[in-house]
Amino acid sequence: RFVVAIALRMNVPAECLTGGTFVIMNVNSSMCLGFYNGAKGNGLNITQMAYSSAYAATHQQWTVEPVASTVGGDYSYFFLRSVRDKTQLMDLKDWSTAEGGEVIGYAGSGGTNEQWFAEYAGNGNWYLRSRHSGLYLEIRNSSMSKNGYLQQGKQTGAANQLWRFMPVKSKLEKIAPAAPKGLKAVVQSAS
């Protein structure tokens with residue numbers, strides 16, 4: 001569903017992301033999110049780094065999990081959970097509501113500071129907005145360097161706020177594939 005929906009270049013429902021395991025690439029830097037220098041521990045900063053192996057190290061892999069309907073109401077919000085340490089969620093440090101607030105990996109309880117909303121930006125890219133602060137994930141100062149910090153800020157539309165969700169073990173593509181041509185739908189009876 002994810003690849004087909006992006007290939008069609010239309011508004012893509014966030015449900016296309018839920019239940020998957022992804023590498024999250026920043027469009028500006030073409031680097032992927034992970035724990036600072038691959039370190040282990042609670043409360044570590046999430047930074048960007050190169051994706052250079054056949055598949056990303058597990059500290060660069062994230063699952064997209066819908067928030068329970070009893071919490072989120074309509075499954076619009078989701079958690080970003082580390083594959084390496086399943087207790088670690090992407091979290092706004094100290095429940096920040098300020099621009100520049102840092103994003104860390106934290107063994108939290110699923111609070112609103114760990115809930116995210118995906119807004120499709122077109123061309124296979126997404127904005128990620130915090131439920132708690134209403135601010136957007138971005139790479140600090142549009143850094144192009146390894147270990148550029150992940151933080152939150154007001155939406156500007158800049159490329160440092162755009163994200164591409166790449167299935168694990170897939171080639172990182174900076175440009176979404178072209179929409180297929182010549183497809184025809186054929187009506188079939190229900191089985």
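Analyst: In this predicted model, the backbone nitrogen of Ser-133 lies 3.2 Å from a polar atom of the side chain of Ser-130.

User: What makes this pair of Ser-130 and Ser-133 a polar contact?

Analyst: The cut-off for a polar contact is 3.5 Å between N or O atoms. The distance from the backbone nitrogen of Ser-133 to the polar atom of Ser-130 is 3.2 Å, so the pair is within that cut-off.

User: Where is Ser-130 placed, and why is Ser-130 called buried?

Analyst: Ser-130 belongs to strand S9, which covers residues 125-130. Its relative accessibility is 0%; buried means under 20%, and therefore Ser-130 counts as buried. Beyond its neighbours within four places in sequence, Ser-130 is in contact with Leu-92, Thr-112, Gln-115, Trp-116, Leu-135 and Gln-152.

User: How do you know that Glu-65 and Arg-81 form a salt bridge?

Analyst: A salt bridge requires a side-chain nitrogen of Lys or Arg within 4 Å of a carboxyl oxygen of Asp or Glu. For Glu-65 and Arg-81 the N to O distance is 2.9 Å, so the pair meets the requirement. The pair links distant parts of the chain, with Glu-65 in strand S4 (residues 62-66) and Arg-81 in strand S5 (residues 77-82), 16 residues apart.

User: What makes Lys-93, Glu-102 and Arg-140 one network?

Analyst: Lys-93 and Glu-102 meet through their side chains in a salt bridge of 3.6 Å, N to O. Glu-102 also forms a salt bridge with Arg-140, with the closest N and O atoms 3.7 Å apart. Salt bridges that share partners join Lys-93, Glu-102 and Arg-140 into one network. Relative accessibility is 36% for Lys-93, which counts as partly exposed. Glu-102, at 22%, is also partly exposed, and Arg-140, with 24%, is partly exposed as well.

User: How many salt bridges are counted, and what share of the residues in the protein chain is buried?

Analyst: The count comes to five salt bridges. Of the 191 residues in the protein chain, 48% are buried.

Terms used:
Residues are numbered from 1 along each chain as its sequence is written. This is a predicted model: local features need pLDDT of at least 70, side-chain atom pairs count only at pLDDT 80 or more; totals for chains, interfaces and linings use all residues. Side-chain values use heavy atoms; hydrogens and water are left out. Buried means under 20% relative accessible area, exposed over 50%, partly exposed in between (1.4 Å probe, protein chains only). Helices (H or I, at least four residues) and strands (E, at least two) are DSSP runs, numbered from the N terminus. A polar contact is a pair of N or O atoms within 3.5 Å; within protein, one must be able to donate a hydrogen and the other to accept it, and residues adjacent in sequence count only if both atoms are side-chain atoms. Contact means heavy atoms within 4.5 Å.
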